[in-house]
Amino acid sequence: MNNLVKFGGIITMESRITTITFNADISAREMSGFRGAIMKMFPDELLYHNHQSGGFRYRYPLIQYKRLGGRPALVGIDNGAESLEKHWTTGERFTININGVSKELTVASKSTCYFSPAIAEDGKPFQYMIRNWIPLNQDNYHRFKETDDLQEQIGMLNVLLVANILSSLKGMGHWVEIEIKANISEIIRTKKTRYKGNELICFDVRINSSISLPDHCGIGKASSKGYGTIIPQAGH
């Protein structure tokens, strides 16, 4: 990767992040249909669907489908940002089919920012909400359910939180060589979901982190589908 810079135990380069938001309201149940409709618009562009000949392409998704403020959105990172900037124009109107229903969308906004991870100073951690986070796989999901000790469950989730953060940052081109700390300060909501045919739990949580995270990008499983979305909290 070009123009890598090392500072404070992090090998990094700036990530370009472009966010496209659309004007129509969309329900959580319609998100899968929204994703499918956009994928059909770009069948030959791997970034939009992560499928290639031979199967699924396992890497951090550089285009992610989101529901922000009740509206559909696309978040692109680096090559994904370049594609979004090339294909979408503010004010552009188009019609897609979501679950058999035609819906007209307008590109309401297009914004680009740049992200490099920073370490919290003066003992003040960065604060975020993670929405619809799926940290558990089928194996540790059963272990999680079998324990009645809340502190043990929280401890398990905190370990997975750090691992998910490091994995996502690495997928964006940021290698962290120092120990980072992250912990859940509040579990807002839990709900059951299905992932690749298996029943798992997704969480809405508030977290403290010793490293900054990119707004509206995803961590954990199914981040391309809008799970694990990072929401900044007031003051950060």
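Cys-202 counts as buried, because its relative accessibility is 1%. Buried means under 20% relative accessible area, exposed means over 50%, and partly exposed lies in between, with a 1.4 Å probe and protein chains only. This is a predicted model, where local features need pLDDT of at least 70, side-chain atom pairs count only at pLDDT 80 or more, and totals for chains, interfaces and linings use all residues. Residues are numbered from 1 along each chain as its sequence is written, and side-chain values use heavy atoms, with hydrogens and water left out.

Cys-202 sits in strand 13. Helices (H or I, at least four residues) and strands (E, at least two) are DSSP runs, numbered from the N terminus. Beyond its neighbours within four places in sequence, Cys-202 is in contact with Asn-132, Trp-133, Ile-134, Arg-189, Thr-190, Lys-191 and Thr-193. Contact means heavy atoms within 4.5 Å.

Now the sheet around it. It is open, with 4 strands in the order 12-13-10-14 and antiparallel pairing. Two strands pair if DSSP finds at least two bridges between them. Strands 12 and 14 stand at the edges with a single partner strand each, so one side of each has no neighbour in the sheet. On average, neighbouring strands are turned by 20° against each other, direction ignored. Strand 12 and strand 13 pair over 12 bridges. Ile-187 stands opposite Val-205 in strand 13. Helix 4 packs on this sheet and touches strand 10, strand 12 and strand 13. The direction of helix 4 makes about 85° with that of strand 12. Axes are lines fitted to C-alpha atoms, for helices over the stretch in contact, and angles run from 0 to 180 degrees between N-to-C directions.

| Element | Residues |
|---|---|
| Helix 4 | 150-171 |
| Strand 10 | 126-133 |
| Strand 12 | 182-195 |
| Strand 13 | 198-209 |
| Strand 14 | 229-232 |

Next, the core. The largest nonpolar core has 62 residues, and Phe-34, Trp-88 and Ile-165 touch the most other members. Helix 4 gives the most to this core, with 7 residues. A nonpolar core is a set of buried Ala, Val, Leu, Ile, Met, Phe, Trp, Tyr and Cys residues joined through side-chain atoms within 4.5 Å.

Last, the cysteines. The count comes to 0 disulfides, a disulfide being a pair of cysteine sulfur atoms within 2.5 Å. For Cys-113, the nearest cysteine sulfur is that of Cys-217, 7.8 Å away. The sulfur of Cys-202 is 19 Å from the closest one, in Cys-217, too far for a bond.
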